[in-house]
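Student: Hi, could you walk me through this chain? I'd like to start with the fold and then get to the side chains.
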Amino acid sequence: MTVTTTKLTRAAGLSAVVGGLLFIAVQINHPLLTPPSPPRPNTRSAKPRRSSWHVFSLIGITGIYLRQVRQTGVLGLIGYVVLGVGYLAIFSAQVVGVFVLPALAASEPGFVNDVLAVATSSTPSGDIGPLQILIQGGGFAYVVGGIIFGIVLFRANVLARWAAMLLSVGAVAILTTSRLPELTQRLFAIPVSVALIGLGFSLWREQRTQNTRPMASPVSSQLDPTGAK
């Protein structure tokens, strides 16, 4: 199989779609992170599902950005970098929450409860060290990056503009609902997922259309009387 830019871009579009779908799936039957209950996956597929959507989403926004790097300019680069940092930070915190906290629930319940408090925008009773910066900083970068990236994608007018606008609006909704109950926060996370799916599908469809567009034959162009001078 020959690896081409078109194929890589289409793969990035599909990756964005998968990332958005997985993020929606994460919200389904997700255990509430309410102290003193440590996070425990409900199903065997929960761990890979909760720790992989960030990877697919990051690959997806990379392809989305590279497709319109010239149209988005410096602001597009800033939005992409900030959003990418948000994804990486959330992924790191998610790995800790899924694979580390359950093992510490019995021996260090206070630490686990403090981590859950920070994750749910509550005030911890103790100090969790740099992990607090990772969780809060990652969430801030995810929201700010989503707002900026959505705006520049909307202005570039290359992919689906409704999805770009929804990305910004969804990021604002996440910011404004940070103090609401956790279940409400999870519901407002869905618009960002839908936006990512829309952008990814738009990227995939655009590349597919360009790949199947017929090219004019040089011989036919020379024989075409309308092209003669």
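Tutor: Happy to; here is a short chat about the fold, the surface and the side-chain pairing.

Tutor: This is a predicted model, where local features need pLDDT of at least 70, side-chain atom pairs count only at pLDDT 80 or more, and totals for chains, interfaces and linings use all residues. Residues are numbered from 1 along each chain as its sequence is written, and side-chain values use heavy atoms, with hydrogens and water left out.

Student: How many helices and strands does the chain have?

Tutor: There are nine helices and zero strands, counting DSSP runs numbered from the N terminus (H or I of at least four residues for helices, E of at least two for strands).

Student: And how many salt bridges?

Tutor: One, where a salt bridge means a side-chain nitrogen of Lys or Arg within 4 Å of a carboxyl oxygen of Asp or Glu. E206 pairs with R67, and their closest N and O atoms are 2.5 Å apart. Because E206 sits in helix α8 (residues 190–212) and R67 in helix α2 (residues 46–67), the pair ties together parts 139 residues apart in sequence.

Student: Is E206 buried or exposed?

Tutor: E206 is buried, at 17% relative accessible area, while R67 is partly exposed at 24%. Buried is under 20%, exposed is over 50%, and partly exposed lies in between (1.4 Å probe, protein chains only).

Student: Switching topic, what share of the 229 residues is buried?

Tutor: Buried residues account for 41% of them.

Student: What about contacts between residues at least 6 apart in sequence?

Tutor: Of those, 72% join residues at least 24 apart, with contact meaning heavy atoms within 4.5 Å.
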